[in-house]
Amino acid sequence: MRTRKKVCALVLALVLALPCLCLGEDWEEIPTVVTIVSAPDQTEAQRPTCFPDPTENYIPLPEGENLAENKPVLASGTHTDVYVISNINDGSTSTYWESNGYPAEVTFELGEIYTVSTVAVCLNPSSIWEPRKQEIAVQVSVDGESFKEIVSAELYSFDAATGNRVRIDFDPTQAAYVRVIFTKNTAQRTGGAQAAEICVY
Ligand SMILES: [Ca+2]
């Protein structure tokens, strides 16, 4: 037992002495060289060209101003949880509106009379939003009181592969108000309509 203690003490002494031996006169300190490289200006995420563009199969939206973005918007009923109606035209597909039941009418006040010909309904393009169909109709008005139906209710397919968006085109018509009416959503885990953005062109 006493011999084992002596061996342990010897090993401990050698371990403690090792740094001192290494830092003897023969130890040569290597100078640290720091090279500062300036990064290029980058204001948004950039994709290396060797990777495919994930948006290349997205349903294209029309050129020009989205007339619904940040305009006054009114929903016919209540929303689910925290998914308030103001999420529907805040310019971001990361936020969304979800109605509490059907029918769910969303009316945009464009501010003046425009000639419109497209309504796009977008969900978040992430594939965690599984494919679903929503039944949608479109009405327009020039005075906010008398509305006419320009697209009758129809089921539209949403698929992340094409951007989780649908584009509803119709003959050019005058409108100061655009109303989008949802009557069905085949998605699981919801009892209402869903839209991350509704755009009007
Ligand atoms: Ca949004």
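Leaving out neighbours within four places in sequence, Phe170 is in contact with Ser117, Val138, Ile150 and Val151; two residues are in contact if their C-beta atoms, placed from the backbone, lie within 7 Å. This is a predicted model, in which local features need pLDDT of at least 70, side-chain atom pairs count only at pLDDT 80 or more, and totals for chains, interfaces and linings use all residues. Residues are numbered from 1 along each chain as its sequence is written.

**Phe170**

- Phe170 belongs to strand 6.
- Phe170 is partly exposed, having 13 other C-beta atoms within 10 Å. A residue is buried if 20 or more other C-beta atoms lie within 10 Å of its own, exposed if 12 or fewer, and partly exposed in between, with C-beta atoms placed from the backbone.
- Val151 is 19 residues from Phe170 along the chain, and the C-alpha atoms of the two are separated by 7.2 Å.

**The chain as a whole**

- From the N terminus on, the order of elements is α-β-β-β-β-β-β-β-β.
- The protein chain has 201 residues, of which 22% are buried.
- Among contacts with a separation of 6 or more, 73% join residues 24 or more positions apart.

**Strand pairing**

- Two strands pair if DSSP finds at least two bridges between them.
- Strand 3 (104-122) and strand 1 (73-75) pair in the antiparallel sense over three bridges. Leu74 has Thr107 in strand 3 as its bridge partner.
- Strand 3 and strand 6 (165-185) run antiparallel and are joined by 14 bridges. The bridge partner of Cys122 is Arg165, in strand 6.
- Strand 3 also pairs with strand 8 in the antiparallel sense, over four bridges. Here Val121 has Ile198 in strand 8 as its bridge partner.
- Strand 4 (132-141) and strand 5 (residues 148-158) pair in the antiparallel sense over eight bridges. Lys133 is opposite Ser157 in strand 5.
- The hairpin of strand 4 and strand 5 has six residues between the strands, and Gly144 in this hairpin takes a positive phi near 80 degrees.

**The largest nonpolar core**

- A nonpolar core is a set of buried Ala, Val, Leu, Ile, Met, Phe, Trp, Tyr and Cys residues joined through C-beta atoms within 7 Å.
- The largest nonpolar core has 32 residues, and those touching the most other members are Val119, Val121, Val178, Val180, Ala195, Ile198 and Val200.
- Strand 3, strand 4, strand 6 and strand 8 (197-200) each supply at least two residues of this core. Strand 3 gives the most, with eight residues.
- Apart from neighbours within four places in sequence, Ala195 is in contact with Ile88, Tyr96, Trp97, Val121, Cys122 and Leu123.
- Strand 8 is covered on both faces: Glu197 and Cys199 are buried on one side, and Ile198 and Val200 are buried on the other.

**Backbone exceptions**

- Most residues other than glycine have a negative phi, and most peptide bonds are trans.
- The peptide bond from Tyr102 to Pro103 is cis, with omega near -10 degrees. Pro103 lies in the loop between strand 2 (97-98) and strand 3.
- Asn70 is not a glycine, but its phi is positive, near 60 degrees. Asn70 lies in the loop between helix 1 (2-22) and strand 1. Asn70 is exposed, with 10 other C-beta atoms within 10 Å.
- Asp81, also not a glycine, has a positive phi of about 50 degrees. Asp81 is in the loop between strand 1 and strand 2. Asp81 is exposed, with 7 other C-beta atoms within 10 Å.
- Asp81 and Glu98 are 17 residues apart in sequence, and their C-alpha atoms are 8.2 Å apart in space.
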